[in-house]
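User: I would like to go through the charged side chains of this protein with you. Could we begin with the terms and then take the residues in turn?

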Amino acid sequence: MGGTQNCGLYQKLNNYIKKHMALSLPFLKRDSRKKRAQIIAVDLGSRTTKAVLIERRGEILALTRYALLDAPIFEKKISPELLADHLRSVADALGNTTKFITVAVGLNDALVRQVELPQIPIDEMRQILKVNHKGYLQQDLPNHAFDCYILPPRQLPTPGKNAEATRAGTATPKLKVVVAAAKQQLVADFMRAANIASLTMDGMIPGLIGPINAFEQALPEVYAKETVALVDIGFKHTSVSVLDRGELALNRMINLGGDQLTAGLAEAMSISYAEAEGIKVGMAPEVESALQMQVVPLGREIRASLDFFEHQQDRPVTQVYVSGGSARSEMIIQMLHAELLVECKTWNPTGFLQLALPGQQAVEVDHIAPLLTVAIGTALAAF
């Protein structure tokens, strides 16, 4: 979405401005702050929290540590105090070398849409969305914070073209804008939790954006020139994003994830959940038919998303790139390929990073990498 010169094109979606949030600490525009030397990025999962510590080394970004922790158990809504304890544990696991932290907002908690808005300053766009969110986003979103990122045009406009259009009495073209929204209370709770944990909340990014940011850096040529789908299989949900030559053309959340695949496999084979999780990733041939019954519904939902884009835009999706814990199963990738009738493959979100990991983490990172996709993409917002 705009080329490879930017480090994560949606990074400005974390700019929740003070006047829209009534918070004591605003999220500042990236262009108006110093780039961070180090950042902790946290992907709070339903079962496992994934976190990375990334630092700048000149023009290079280095992954220096990662952590996988059991997510805190809570009913409906996590308290700032419980979240603070968890964030403290994350910082401890990553070595406590920086206080700056950025968090991925879960698929259930953040909305991302592409809309057309008038050619006005971003502050005014936010205000329009605050007043008329239902008109632009087809949802009633009271007490939400909104932010916008203007998509760079694929072709630069001819100089003076807008002025000529205005003199001729024709309408000025609208801008394509990616809009993010999250509940103000949620943002306030995360800010409070970071403060209690003696950390500095550097930003919040919709979790959907993480794979896009990481993919842009890991496979810049594919990102900029092809029409592909990114599928991130989380614990409870799966996100699908169609990227059309660097532009987010479609995004969707599917209420199926790795948990349902594992639970369904355990039930079908009369084995424990832990056993099912192990053989799901381990590609045991005897589970193929039982696993396929669980993967087919997910494949059909993803295929429906691709069909919608292809019918709307009259362009085929040529490849599907899969991340998340279930992407470690070659069998699942093959089953998705058979269901989608499009080439499916895994990709390495650490491929563009210098790996400076300690001991065992350096050995295990290739196996763990698909789990870190959202966290890595979230970290890019700070750089």
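Analyst: A residue counts as buried when its relative accessible area is under 20%, as exposed when that area is over 50%, and as partly exposed in between. Please keep in mind that this is a predicted model.

User: Is Asp 244 buried or exposed?

Analyst: Asp 244 and Arg 245 meet through their side chains in a salt bridge. Arg 245 is partly exposed, at 32% relative accessibility. For Asp 244 the relative accessibility is 5%, and because the limit is under 20%, Asp 244 counts as buried.

User: Which strands hold Lys 176 and Glu 247, and how many residues apart in sequence are the parts that the pair ties together?

Analyst: The side chains of Lys 176 and Glu 247 meet in a salt bridge, with N to O at 3.2 Å. Lys 176 belongs to strand β7 and Glu 247 to strand β11, so the pair ties together parts whose separation in sequence is 71 residues.

User: With which side chain does the side chain of Asp 202 make a polar contact?

Analyst: Asp 202 is part of strand β8, which covers residues 200–206, and it is buried, with a relative accessible area of 6%. Its side chain makes a polar contact, at 2.7 Å, with the side chain of Arg 36.

User: With which residue does Arg 303 form a salt bridge?

Analyst: A search of the whole structure finds 18 salt bridges. In the one formed by Arg 303, the closest N and O atoms are 2.9 Å apart, and both residues of this pair are buried. The partner of Arg 303 is Glu 310.

Conventions:
Residues are numbered from 1 along each chain as its sequence is written. This is a predicted model: local features need pLDDT of at least 70, side-chain atom pairs count only at pLDDT 80 or more; totals for chains, interfaces and linings use all residues. Side-chain values use heavy atoms; hydrogens and water are left out. Helices (H or I, at least four residues) and strands (E, at least two) are DSSP runs, numbered from the N terminus. Buried means under 20% relative accessible area, exposed over 50%, partly exposed in between (1.4 Å probe, protein chains only). A polar contact is a pair of N or O atoms within 3.5 Å; within protein, one must be able to donate a hydrogen and the other to accept it, and residues adjacent in sequence count only if both atoms are side-chain atoms. A salt bridge is a side-chain nitrogen of Lys or Arg within 4 Å of a carboxyl oxygen of Asp or Glu.
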